[in-house]
Amino acid sequence: MSDLDPDRVTETRTTTTEPIRPTSEVTRTVERSSGAAWWAVALVGIALVIAVTYVITRPQSPTNTDAAVAAATQQVQTQDASQQAQSAATQAQSAADSAAQASQRAAMSGAAPAPAPSAPPPSQPAQPSQGEDSGSSPPQ
């Protein structure tokens, strides 16, 4: 494995000049990059690859089993029954309102006498029709 960062070399030169004797001093410092940082980056990369693989390969939804299909069917039937019950209740309410309005109209018109249906007066006997033979003579 090669380092991406080359070694750093820092040179510092100091020269002192004194009236007696000039001296020159060179200090050389070598800095090398540490491998611990690269190991930490590698571990984070491996953890990231494992996490992405898990997210991609995990099941997105439960498998459709017979029980799940039966439960969904039952839920649909329950909703349909609820809607039908609401529709029937609405129709019953409408019928009740219509009946109440009709009874109010009848009560209001009941205050005025209603004409009686035409019926033959009870004092007159029924006369047989001409084609019938009654077997008795007509009253005299």
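Begin by selecting L43, which is exposed, with a relative accessible area of 57% (exposed means over 50%, buried under 20% and partly exposed in between, with a 1.4 Å probe and protein chains only). The model is predicted, and local features need pLDDT of at least 70, while side-chain atom pairs count only at pLDDT 80 or more and totals for chains, interfaces and linings use all residues. Residues are numbered from 1 along each chain as its sequence is written, and side-chain values use heavy atoms, with hydrogens and water left out.

Then colour the chain by pLDDT, the predictor's confidence in each residue from 0 to 100: the mean is highest in α1, at 93, and lowest in strand β1 (residues 8-16), at 68.

Finally, select the whole chain, where two helices and two strands follow the pattern β-β-α-α along the sequence, and where buried residues make up 0% of the 140 residues.

How values were computed: Helix = DSSP H or I, 4+ residues; strand = E, 2+ residues; numbered from the N terminus.
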